[in-house]
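Look at the sequence and the model, try each task, and then follow the solution step by step.

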Amino acid sequence: MSESAEPAGPGGLTTGEVARRLGVAPTTVRTWDQRYGLGPDRHTGGRHRRWTPADVARLERMCALTATGIPPAEAARLALETPAPASAPVAPPSVLPRRAPAPEAAPASRAGSGLRLGDARQECKGIARAALRLDAAALDRLLLDAIREHGLVAAWTEVIVPTLQAVGRKWESSGERYVEVEHFLSWHVSGALRRAAPDTAPDRPGASVVLACVPGDNHTLALEVLSAALAERGIPVRMFGGALPVESLIAAVRRTGPAAVALWAQSRTTASRPLAQHVASMEWGVRGARRSPLVLTLGPGWSGRPAPGTARPHGLADAVQALEGLATR
């Protein structure tokens, strides 16, 4: 018998009942338990699990955090660290109300295939449908149209990111299915960014920007759009992509003497504050006029206070503005 069919009983809700309350698949609840330790605090006899109000509140925090785009592992850590608010006992299944959106919220659009896109732009829905159909030609056309119409920064922030997040949530809530859709969409986004970007700006001593993922991190898409946006503004960029070894990063900074270095970390396990501080402390130039790069820490892995000597922009537009002002001095 599957967990979703477990009989109700005293002591809390079954996994299936909790999944229905949250609006996710039972496999998602089980995955969060196995991977991140978000299971119930106590078990009943046998294999059946019973979820208390505190257990359910923790899962609700997990759902809310992942819905904002925070990676599941980081969302789980935050959910486990946040004290559960006091709550009334969980109602039995027969009277348990279904979760409803706030009155002002727009109805969620599923783009025809279960992707929750909320009140996202119409372009998001078309891109999501093309990705789910694995329609390469349509996906390329829609991505390029969005970039041409809105510009790189707005297209990334308002169209591409919401669609990527919706695909990621679909994957998480479908028991590891739809991985091919996420890879397919990411590949075509990367291609569209390169096709839409102008030619690399000629180098200007002391005005270039180094972009790299920290060691162990291969999430390059955000750096790719930042590179394209800087190229639009005539700022010379040296893009090193994913998982650049420490020695190679330091060598690249010493060889190029950049105005700024942007380091992406997707998770706290890869973000290295000592590395960021070390790069920020590097100096070059003649004595009496030595310079150091501005180090921008980008990505959710750098959550919390910025490392000393570094800056943490809030989003793509802030990063572009900071780098544009620095490189054009």
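**Exercise 1.** Find out how E232, R233 and E324 are linked in this predicted model.

*Solution.* 
Step 1. Take the three residues together: E232, R233 and E324 belong to a network of salt bridges.
Step 2. Now pick out one pair. R233 and E324 form a salt bridge, with their closest N and O atoms 3.8 Å apart. This pair counts because the cut-off for a salt bridge is within 4 Å.
Step 3. R233 sits in the loop between α9 (221-232) and β2 (237-239), while E324 belongs to helix α12 (residues 316-327).
Step 4. Check the surroundings. R233 has a relative accessibility of 32% and is partly exposed; E324, at 31%, is partly exposed too.

**Exercise 2.** Where do D145 and R148 lie, and what do their side chains form?

*Solution.* 
Step 1. Locate them: both D145 and R148 are in helix α6 (residues 136-150).
Step 2. Look at the spacing. They are 3 residues apart, which is about one turn of the helix.
Step 3. Turn to the side chains, where D145 and R148 meet in a salt bridge of 3.6 Å, N to O.
Step 4. Classify each residue. D145 has a relative accessible area of 37% and is partly exposed. R148 reaches 62%, so it counts as exposed, the cut-off being over 50%.

**Exercise 3.** Decide whether R133 and D135 are buried, partly exposed or exposed, and describe the contact between their side chains.

*Solution.* 
Step 1. Begin with R133: its relative accessible area is 52%, so R133 is exposed.
Step 2. Go on to D135, which at 27% relative accessibility is partly exposed.
Step 3. Describe the contact: the side chains of R133 and D135 meet in a salt bridge, at 3.4 Å from N to O.

Terms used:
Residues are numbered from 1 along each chain as its sequence is written. This is a predicted model: local features need pLDDT of at least 70, side-chain atom pairs count only at pLDDT 80 or more; totals for chains, interfaces and linings use all residues. Side-chain values use heavy atoms; hydrogens and water are left out. Buried means under 20% relative accessible area, exposed over 50%, partly exposed in between (1.4 Å probe, protein chains only). Helices (H or I, at least four residues) and strands (E, at least two) are DSSP runs, numbered from the N terminus.
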